[in-house]
Amino acid sequence: MLDWKRKDGSELNKHPSPTRHKMFEEYTSVIGEHQGRSRQLWRKVLYEDQGVPDNYVDSSFLREMQKNLFVRSYNYWSVVLSTGCITQQINTVIIFVMCFIYLQEKLLTSYLLNSISAVLLLLGYAFTVLTNCSACDIKALIIFCTAAFVLSPVLMSLTETISTDTIYAMTAIMLLAHLISYDYELHASTDGVISFNAGIFATVCLASRLPNLLLGYSLIILSAFVFGMLPNMRRELRSHFFPYLDIIMTVVHFVCALALVCSKSFTVAILLFCGFFFIMFICPHLLVRLQPLKNNLHGPWDEAVVVES
Amino acid sequence: MNQNLKSFSVLAHEALFHSAVLGVRSVFTDHSLFGFADLSSILTNNVLKFSLNGINHVICVSNTARENTVLRSNLNAKDVSVIPNAIDASQFQPDLSRRNRNKIVIVVMSRLVYRRGTDLLTSIIPYICDKYPQVDFLIGGDGDKRILLEEIREQHSLHSRVELLGMVQHELVRDVMVRGNIFVNTSLTESFCITIVEAASCGLKVVTTDVGGIPEVLPPNMVKLAKPTPESLTEALESAIAEEMNGLGLSPLEQHDKLKDIYKWSEVARRTEIVYNGIFKQSVITPKHRMDRLWHLGIVFGKIWIMALVLDMIFCKFLEWWRPASYIDKTSTQTLARLSESSCNAGEGSQKTLDVNHGSPSRGSLRVRQRSKAIDRITT
């Protein structure tokens with residue numbers, strides 16, 4: 001062992017305990033043995049010299065570590081039911097896009113669409129009154145419809161000069177953003193501002209491709225219903241009548257969307273069907289299978305969370 | 001990516017990376033605790049796993065920090081030593097003449113940020129000031145939560161009873177502390193809280209949250225531990241106030257005398273030296289051996305790291321040709337390569353160690369400098 005001396009020749013203070021001077025290769029991993037001068041249990045303290053080397057590993061090492069304290073286990077069918085909200089929203093967007101295509105090809109007249117929108121809005125109003133939902137503000141919607149009527153020429157000409165390909169690309173991106181940022185929670189926590197704005201922007205993009213002013217107005221009214229009112233309505237319905245109404249709604253949405261797409265292109269319909277099957281049945285299976293592999297570590301090193309009382 | 005990155009020293013890991021190529025043994029000293037749950041922690045821990053791949057030894061400042069480091073970097077626990085921080089007890093001596101005889105002063109000395117639990121502090125100040133008219137608060141430190149304390153002061157009209165000192169220089173900390181009777185620490189996470197040792201050395205009664213490595217630091221008769229909730233802290237603080245009013249517990253001079261023998265820089269230096277001497281017996285980990293380990297460590301990132309290592313070796317060879325190592329003076333002491341040292345001093349199997357310290361800024365870097373000075377003193 002190297003004998004350290006100060007430059008002036010005086011000795012350094014040697015610690016009384018001999019075990020401290022053990023070199024590392026002399027110390028084999030004696031995990032679990034209670035060494036020490038006084039033959040007491042090793043304690044996890046720093047203010048006392050317990051007579052063991054600094055890299056001594058006690059049997060209580062990592063005993064306070066806990067794994068996966070807050071992990072929940074899922075039931076396959078309840079997860080499948082919960083995917084209904086995602087399917088519904090994707091189908092809503094598809095129906096909206098199909099309406100646009102029909103309007104463009106003049107298969108759907110603006111009068112028909114307006115009357116459908118009016119009926120839906122009235123239904124929504126009736127629903128609001130019945131369930132006393134404060135989030136469904138019918139007055140704001142009426143103001144919006146009037147303003148949209150006045151401003152629809154402006155809205156339609158906003159993106160007129162942009163080429164059609166760019167328009168379609170932007171619409172696709174905006175609708176994707178809408179789906180990604182949409183609030184799928186059972187009880188609305190955020191206002192869903194980004195998803196609403198993305199939807200409206202997609203509408204404005206699409207409206208400029210329509211030949212007629214009235215058609216454009218119809219689309220804008222439809223979008224107000226789809227992006228503005230429908231999320232709240234659906235959330236209310238789901239919170240009151242879950243799960244049966246939810247299943248019916250999912251099926252209705254799915255069938256409508258598929259039928260509309262089928263009339264235009266069979267391949268896309270098949271692809272959609274496969275996509276939805278994946279989302280509804282395969283993804284829950286993956287979630288349930290991977291959940292036990294979680295490895296969350298908790299211990300005394302965790303930062304404390306201040307609970308606001 | 002917010003405050004965890006602040007305490008993650010890039011220069012330290014760069015130095016560790018170069019030590020692989022230079023054939024220098026390395027020791028890593030970790031001063032802080034990390035979580036595992038959020039994104040920044042996950043990424044940081046992964047980098048740490050790679051960075052500490054070829055380390056010779058790691059030093060942690062508390063047993064909890066050691067468990068944390070072992071879990072984060074997948075090291076063998078035997079390769080991690082626990083060497084706590086220390087204080088210069090002669091700088092933190094009690095001075096009873098500076099105390100106010102008619103009042104009980106509670107001192108708080110920390111950065112006023114979320115991590116240091118300033119929110120907890122704002123919950124307990126109004127209650128304590130209301131219940132004990134003889135209690136005053138003296139708060140040193142600054143941060144983005146200072147505004148909360150000023151709001152509390154305004155709301156409850158405690159201008160004369162709560163004094164906010166702002167940023168206090170390290171040299172003046174002791175002068176502020178000796179004005180108090182009780183010290184409160186409300187940290188939400190702490191690896192080894194040196195401030196409570198300084199406060200205890202100045203003779204104050206310490207009330208603190210029991211997070212991280214704090215329960216290991218002070219003996220039970222010198223500290224009152226509490227859970228990080230307002231209720232628990234208030235209870236502990238009230239018992240400390242009761243003790244102070246009735247003159248119970250250890251006297252300031254007794255506390256100082258006991259503490260000055262527990263945490264000494266000479267002890268830290270001696271124990272660090274044992275670590276250094278121990279790793280000199282180990283063989284230098286060659287780059288090839290390191291690359292073998294890296295290959296299995298990560299499917300993609302391991303290979304990228306190996307490529308970076310190879311590039312570094314080529315660069316080192318170029319530097320060896322440009323400025324040969326034989327032209328550079330070698331230092332004779334063991335205490336080479338602090339944080340600022342990263343030049344190419346070649347030396348296979350030489351008696352050199354790279355000691356890399358990293359910790360949070362301000363107090364952490366001060367602790368790093370003090371450790372280095374202590375090691376310097378004992379080996380020259």
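Tutor: Let us start with A:Asn68, which is partly exposed because its relative accessible area is 27%. Buried means under 20% relative accessible area, exposed over 50%, and partly exposed in between (1.4 Å probe, protein chains only). This is a predicted model, in which local features need pLDDT of at least 70 and side-chain atom pairs count only at pLDDT 80 or more, while totals for chains, interfaces and linings use all residues. Residues are numbered from 1 along each chain as its sequence is written, chains are lettered from A and ligands numbered from 1 in the order in which they are written, and side-chain values use heavy atoms, with hydrogens and water left out.

Student: Where is A:Asn68 placed?

Tutor: A:Asn68 sits in the loop between strand E1 (66–67) and helix H1 (76–82) of chain A. Helices (H or I, at least four residues) and strands (E, at least two) are DSSP runs, numbered from the N terminus. The phi of A:Asn68 is near 55°, a positive value in a residue other than glycine.

Student: What is phi for B:Asn74?

Tutor: B:Asn74 has a positive phi of about 55°, although B:Asn74 is not a glycine. The residue lies in the loop between helix H4 (63–73) and strand E3 (80–82) of chain B.

Student: Is B:Asn74 buried or exposed?

Tutor: B:Asn74 counts as exposed because its relative accessibility is 55%.

Student: Changing topic: how many salt bridges are there over all chains?

Tutor: A search of the whole structure finds 25 salt bridges over all chains. A salt bridge here is a side-chain nitrogen of Lys or Arg within 4 Å of a carboxyl oxygen of Asp or Glu. Side chains of opposite charge can pair when their charged atoms come close.

Student: Which residue forms a salt bridge with A:Lys44?

Tutor: The partner of A:Lys44 is B:Glu67, and their closest N and O atoms are 3.6 Å apart. The pair joins two chains because B:Glu67 lies in helix H4 of chain B and A:Lys44 in the segment before E1 of chain A. B:Glu67 counts as buried, at 3% relative accessibility, whereas A:Lys44 is partly exposed, with a relative accessible area of 21%.

Student: And which residue meets B:Arg179 in a salt bridge?

Tutor: The side chain of B:Arg179 meets that of B:Glu163, at 3.4 Å from N to O. This pair links distant parts of the chain, 16 residues apart: B:Arg179 is in the loop between helix H7 (173–177) and strand E7 (182–185) of chain B, and B:Glu163 is in strand E6 (residues 162–166) of chain B. B:Arg179 is partly exposed at 29% relative accessible area, and B:Glu163 also counts as partly exposed, at 36%.

Student: Which residues are linked in a network of salt bridges?

Tutor: The network links B:Arg99, B:Lys205, B:Lys224, B:Glu243 and B:Glu244. Within it, B:Lys224 forms a salt bridge with B:Glu243, with the closest N and O atoms 2.9 Å apart. B:Lys224 lies in strand E9 (residues 223–226) of chain B and B:Glu243 in helix H9 (residues 230–246) of chain B, so the pair ties together parts that are 19 residues apart in sequence.

Student: What about the nonpolar surface? Which residues form the patch?

Tutor: A:Tyr111, A:Phe149, A:Val150, A:Leu151, A:Val154, A:Leu158 and A:Leu214 form a nonpolar patch on the surface, with about 730 Å² of accessible area together. Patches are made of residues with over 30% relative accessible area and no salt bridge; like charges are joined within 9 Å, and nonpolar side chains (Val, Leu, Ile, Met, Phe, Trp, Tyr) within 5 Å.

Student: Which helix gives the most to it?

Tutor: Helix H4 (residues 138–158) of chain A gives the most to the patch, with 5 residues. A:Leu151 lies in that helix and counts as partly exposed, at 45% relative accessibility.

Student: Back to chain B. How many helices and strands are there?

Tutor: Chain B has 14 helices and 10 strands, and buried residues make up 60% of its 380 residues. In helix H11(B), 15 of the 16 residues are buried.

Student: Finally, what is the mean pLDDT of chain B?

Tutor: The mean pLDDT of chain B is 84, and 87% of its residues reach 70 or more; pLDDT is the predictor's confidence in each residue, from 0 to 100. For the complex, the predictor gives an ipTM of 0.75 and a pTM of 0.72.

How values were computed:
Areas by Shrake-Rupley, 256 points an atom, 1.4 Å probe, with all protein chains shown as cover.
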